[in-house]
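Here is a short report on a two-chain model. Read it with the sequence and coordinates open.

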Amino acid sequence: MTSRIVVDGNEATASVAHRVNEVIAIYPITPASAMGEFADAWSAAGRRNLWGQVPEVVQLQSEAGAAGTVHGSLQAGAVTTTFTSSQGLLLMIPNMFKIAGELTPTVFHIAARSIATHALSIFGDHSDVMAARSCGWAMLFATTVQEAHDLALIAQAATLRARVPFLHVQDGFRTSHEVTRIEPLDDADLRALIPDSLLAEHRARALDPDRPVLRGTAQNPDVFFQSREAANTYYDAVPGIVADVFEEFAARTGRRYTAFDYHGAPDAERVLVIMGSGAVAAREAVDALVARGEPVGLLTVRLYRPFDAAGFVATLPASARSLVVLDRTKEPGAAGEPLYQDVLTALAEEWSDAATRPRVLNGRYGLGSKEFTPRMAKAALDALTRPDAPRSFTVGIVDDVTHRSLPVDSDFDTERPDVTRAVFYGLGSDGTVGANKNSVKIIGEHTDLDAQGYFVLDSKKSGSATVSHLRFGPAPVASPYLIEAADFVGVHRFEQLFTTDLLARAAHGATVLLNAPYPPGALFDELPVEVQRQVRERELTLWTIDGDRVATEVGLGGRINTVMQTCFFALSGVLPKDEAISAIKAAIDRTYGKRGGTVLARNHAAVDAALANLYAVPVPAEGEGRRRRYDLVPTAAPDFVQRVTARLMAGEGDSLPVSAFPIDGTYPTNTAKWERRSIATEIPIWQPDVCTQCNLCALACPHAAIRVNAVPAAALAGAPDGFKSTTWTGKDESLAGFRYVVQVAPDDCTGCGVCVDVCPARDKTELKRKAINLEPKQQYLEDERAWWDFFEDLPYPRPSFDALDPIKASQLREPLFEFSGACAGCGETPYLKMLSQLYGDHLLVANATGCSSIYGANLPTTPWAQDASGRGPAWSNSLFEDAAEFGYGMRLAVDARAGQAADLVDKLRPHLDDALADGLLRGMGARDEEGIAAQRERVTALLDRLDELDAELFSHATAADASGSTEPIDAAATAHREGGLAADVSRLRSVAETLVHRQVWVVGGDGWAYDIGFGGLDHVLASGRDVNVLVLDTEVYSNTGGQASKATPRAAVAKFAASGKSVGKKDLGLIAMAYGDVYVAQIAIGASPKQTIDVLRAAAAWPGPSLVIAYSPCIAHGIDMRTMMTHQRNAVRAGYITLYHYDPQAALSEEGGQPLVLDSRPPRDSLAEWAATEGRFAVLARTQPERAEALMALAEADAKARRAHYEQLAVVHRQVPDRVKGDALRALPMAGKEDGDG
Amino acid sequence: MVRLSTRYLGLKLRNPLVAASSPLTGRTDTLERLADAGIGAVVLPSLFEEQIEREELATHDLSLVGHEISPEITGYFDPFTGLEIGATLYMRQLAHAKALLDVPVIASLNGFRPGGWTHHAVLMQDDGADAIELNAYFLATDPETSAADVEDRTVDMVAAVCSAVRVPVAVKIGPWFSSLPHLVRRIGAAGARGIVLFNRFYQPDIDLETLTVEPQLSLSHPSEARLALRWIAILRGRVAIDMAAAGGVDDVDDVIKMLLVGADVVTMASSLLRRGPEHVAMVLTGLEAWMREHDYQSIGELRGALSQRSSPDPAAFERANYVKVLTGYPGSYR
């Protein structure tokens, strides 16, 4: 009997790869990270490979590093692999050419993902592997999770025989993250296909001083070419070798694969050619069409490289008259997409009769995980019946610009009636996805039914929505696309019914389960009218449970997963109810067994309580309720937001046509404010009588959802009823008599509670009452909304930093970074918000890929905002690895344009007011707010003057024309315009704005700064140019799920460091200080907001490079994020973080000075005790107590040693050569022309 | 030749000095130092029922951190399947102490709900505890709860644990009961072999800077020993149960006094924390010297020689004594 396991494509692949390799070099990248994490965790747990060794799993600083390590390990004779996708694969390409050129057997396992072009996409298509197709690697494409598992072995067996390296490709997310049951390969299967003799051959080729050889020579024109051709026979042999391995595999397992697989009518006239998971959807379409008698077929390509043209043509039925080749990639400007071109070539070369050679169409589908359904496959096959069908088309989108998309027949349905389909709408972290994975496991592993789960999560990290798509039925259940008509719909968050059309996926007669806080009899009235109509039209059966109450009562807090899962099993009929209940309880025991009796008992209690609290909802025959779906954006929103953004928010982006979108990936900023997500259940309510006006709440708010302001009393005329304000008590006289306001944006607050935690003011008579308290939102919502709308339009006074303490002054400036979808309580965002308050209106941001680029710019909206004048940060993301260089490029461009502007001002001086020209040139260096404002006025005056000049020139030309001169007036005027004054005027107009100073800030996480981007960062810090770098240091790769970086401290547990990191954190600041002329600082806003502000201002003022390392607590640390700010304070008190700034300014004079200043006192608290409050440290004490203790002792030593080192450096006298001064002067063209840095 | 060996809870001890629950009994190095200094038995730090529960739930929560929050994140702490929680970790410490020491190791369990006890007491027994010290602490805040309710709950809980384990059980209680001898007798009847007098509890304190309430447990003061001294003297011979003196025992004089009034063993924590585990050796030397000086051959002879029943002045342990101490305060108190 074959056992069955339920896994996703990543685990299926890793389970083979870990057993057939000796060295595994990894680097995290979505959606392949999990393969490396599995490998790391298994090696940490001592799991052995086929040869009895625990594979060595090492993490590198980038995929380029991983590929280099793999290359070296292969050369030295170990069987070696890696896992990657997308940009990661691109970084491996240089080594991949080498590995193939040296005929080195290896398999790289790829979860294929889009390459970033106009935008980043973490989702699936083949653009990455297609970009690697010229490397000389064989390429095997899996279509299902089972195939990903099987081909992982087949690729390994084939590469060791063929010596040609293999890419083993599965579709990112669609296969890598689909949870389904497979028949696992056991060690005997692996051993049978990979006999030790193959390993021995590989080792025999290893570099070894006992039998030395030379590899990697440099070759001259005399030999390179011939050598390159010398390997041909090995490539020629690959298809045959793979076919042999397929045969051996089939003989052992009964699962038969071929390089090209034909399926469909034996006499098919129309054939669809495709690779990857799309083949499974296409197969469903072909089966349905063949059943209708249509002469169609499907050719699935598994071995794409080397492309066996003869094999391909031999697999096609001779009856084929037309082919449609579908590519999951786009190669703009090519004669056709890659697979299409290969097919055309094969037909040209191998089809015996040119007269009957089939017509071939080429389609693109599924880019960035766009759905590909049987309907779309049918549309492609249908196109072959139309003589006028476009040769190159798209399917799955509506292209209303170049009209290349195919229409799709929405009535075509291939879903089987014997399959139960269920869709669940949950909230990130409510456990819905986990429970559904568990359901798939329960059914897939413990019944005869097949089961499939696929999960769609949005990119917001707070209040994110999840959709689970589950299919259960007789095998095989493999449909690789989302469910459109579900028999069961679970709505786990009632409020979502008001923002999203959740029942759009409910089939006629479906069962709908609502988690709702209303009695069953009253529930229908609480539904939006739109939903009530759907219920009646589709004759839906409604059930309800107050899951939150039930879960709370059994002690599971907000975790409704077990409750809702039980209800699903009780209602869906997938299993008999009693059987289902005992299966759930058994699953609870398996899942939570190690978590102790309390967790088990409470979950068991949840199962029983769920059954006792599940009610049918009566649906009255008529009558509509009072509630309606919310309008997603107000009518005041800009046109683009209404037309496009609102549709994306509603989850209807798929239906938008090509014309709706920008052609180059350029989107408006200032859009998060239109996305009122209203995810908090409690919001902060201000008590003016208790408030001390410290402004810390606003400063700390990670979401800019709580604001302060001080306005003239008159500005409050017309304020809505109840609008709260109090007398401003601050020192700044310019604000005397002002009213002070603290206001929450009730629909943008996440309820994280950070503001309450930092609030130092307490009611003297009742100490639990602070000046800010969290209260249930609903009772305040209406008032607070009206107050917020009014508050939003109040002007900010922007008092001078000279007159007020920096905390107050900074918060009386408008944040131009607001309402991000970062995790509730995010430790990074307060820094970005502060940056935007200080310089938002003249700021360029070069953002490394990571959390900050996702909450910063993941559609539909962006938190980067604009002030009343329309100014605000201009933001872009290039890659993960090159943010520093990207920002440096921005700096160079701005300086170049500014340089030209200065030259032109000088040149046009005779036409300008002298004072204006002098002012403009002097004002270029202004970095302070007053100076910038004054310069802006000058630039406006300049532009006015340029307009006048234009008008003068025009009238001069017109006058000349009217004078009847015999000169060729037009030509003269044109010459004048192009070469003379007019051209200068026009040029100056195009660069005049850069006469106002622009701040360039490079922003990224520690994964970027410490690891993958360090080389570039180092170079830019060494450049002497005015580039500021803000490292949001969470000490872990937060965005990809918490893998260790070189910023991860000793003793902390992280992914890729499952046994606790054994080496200490890299001291990036110290490295940068070595340059001498770099402004370097370490900040922790929760420990010292004042130091943070001072540092950000000083870094900006320093005309050379700056590096600011910002300690950023993260949910990956396992702390209560409500205390994110006070936790930072405690970290500093415990000596975990030392605040400092290194200001080269202090060492520039001839006599030098002491540039390093420590801004935090020596530690007062125990580091170990502080660390115990973080899950990442505490977890090790619970897994490996002795190791934890030993590592913590070293971590304490690290902290002490570092502090001692800093204290010594702080008294070191240093003189920094004036290279920076030179560079800074050079950046100012007037002064620096002859000062170039050579 | 003076013999210090004695019996407590049916266990043979080389002397009547027991290291009470404290950070010293939670660490390998200090446990070893206690044993080297000659300690008679050790009581491990308490396993709190609420602590186990909280830890289990906290670990569970941690394993779910970041779950399902983005397509790129599967959760931050989920792969750590080796996670051991609550009781497991305690049991490991227990087994470790048991392997390390050749004196009796008493595990300590703290809480009040009847349901959760049995399970953990059995685990302790299974992992080698020679005895279990049960800390019964319940703060009645509900005006509906009577003194009798509190006593009933205490006794029920003792009965539940004693019926579940084979190893002897001692019960550690606080001094605030209306009729202590009656309760102690009921505890004995419920199956306990010993009673530990008295537990000291964390008490709330207020930080006047932050205006927050912080639970505090300061080290005991020798004057506290008087309370146990009196009650042990009174109970000796009235109840058939082993008695351990606890709280405020600082030096050899205190130890001798406790034995004289009837304690079977004397537990120490604060003085060991203050003076280090080596203090045990000093006390033992002093005890031996005193016994030689006063011609006591064994602990058995000494035990209870000055209990209320054996005392020439029984009334001195009752209320009159209280007045006498106040009026006769010598003014040179330690």
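## The interface

The model is predicted. Chain B puts 34 residues in contact with 55 residues of chain A. Together the two chains bury about 3,600 Å². Carbon and sulfur atoms account for 59% of that area. Three residues stand out on the chain B side: Glu68(B), Pro71(B) and Glu72(B). They supply 22% of the area that chain B buries against chain A, more than any other three residues.

Polar links come next. There are 10 residue pairs in polar contact between chain B and chain A, counting pairs with both residues at pLDDT 80 or more. Two elements of chain B each give two or more residues to the side that touches chain A: α2 (49-63) and α3 (87-100). Of the elements, α2(B) gives the most, with 8 residues. By class, this side of chain B has 15 nonpolar, 9 polar and 10 charged residues.

Salt bridges between chain B and chain A number 2. One of the contacts of this kind pairs Arg559(A) with Asp61(B), whose side chains meet at 2.9 Å, N to O.

## Cysteines

How many disulfides does the structure hold over all chains? The count is 0. Cys759(A) is in no disulfide, and the nearest cysteine sulfur, that of Cys694(A), is 6.2 Å away. Cys759(A) is also buried, at a relative accessible area of 9%.

A disulfide would need the sulfur atoms within 2.5 Å. Cys826(A) is buried, with 9% relative accessibility.

## Backbone geometry

Most residues other than glycine have a negative phi, and most peptide bonds are trans.

| Site | Feature | Value |
|---|---|---|
| Leu859(A) to Pro860(A) | cis peptide bond | omega near 15° |
| Leu197(B) to Phe198(B) | cis peptide bond | omega about 0° |
| Leu103(A) | positive phi | phi near 50° |
| His403(A) | positive phi | phi near 55° |

Where do these sites lie? Pro860(A) is in the loop between α28 (851-857) and β31 (874-877) of chain A. Phe198(B) is in the loop between β8 (194-197) and β9 (203-207) of chain B.

Leu103(A) sits in the loop between α4 (86-101) and β5 (107-112) of chain A. Is Leu103(A) buried or exposed? Its relative accessible area is 10%, so Leu103(A) counts as buried; the limit for that class is under 20%. His403(A) belongs to the loop between β15 (392-395) and β16 (420-427) of chain A. At 58% relative accessibility, His403(A) is exposed; that class begins over 50%.

## Two sites in chain A

Thr1034(A) is in the loop between β33 (1028-1033) and α36 (1068-1073) of chain A. Its relative accessibility is 3%, so Thr1034(A) is buried. The side chain of Thr1034(A) makes a polar contact of 2.7 Å with the side chain of Ser1038(A). What else does Thr1034(A) touch, leaving aside neighbours within four places in sequence? The contacts are Glu828(A), Asp1006(A), Ser1112(A), Cys1114(A) and His1117(A).

Ala64(A) is in helix α3 (residues 63-75) of chain A. Ala64(A) is partly exposed, at 33% relative accessibility. Neighbours within four places in sequence aside, Ala64(A) is in contact with Leu91(A) and Asn95(A). Cys749(A) lies 685 residues from Ala64(A) along the chain, and their C-alpha atoms are separated by 41 Å.

Methods:
Residues are numbered from 1 along each chain as its sequence is written. Chains are lettered from A and ligands numbered from 1 in the order in which they are written. This is a predicted model: local features need pLDDT of at least 70, side-chain atom pairs count only at pLDDT 80 or more; totals for chains, interfaces and linings use all residues. Side-chain values use heavy atoms; hydrogens and water are left out. Contact means heavy atoms within 4.5 Å. Buried area is the accessible area (1.4 Å probe) that two parts lose on being put together, summed over both. A salt bridge is a side-chain nitrogen of Lys or Arg within 4 Å of a carboxyl oxygen of Asp or Glu. A polar contact is a pair of N or O atoms within 3.5 Å; within protein, one must be able to donate a hydrogen and the other to accept it, and residues adjacent in sequence count only if both atoms are side-chain atoms. Helices (H or I, at least four residues) and strands (E, at least two) are DSSP runs, numbered from the N terminus. Ala, Val, Leu, Ile, Met, Phe, Trp, Tyr, Cys and Pro count as nonpolar, Asp, Glu, Lys and Arg as charged, and the others, Gly among them, as polar. Buried means under 20% relative accessible area, exposed over 50%, partly exposed in between (1.4 Å probe, protein chains only).
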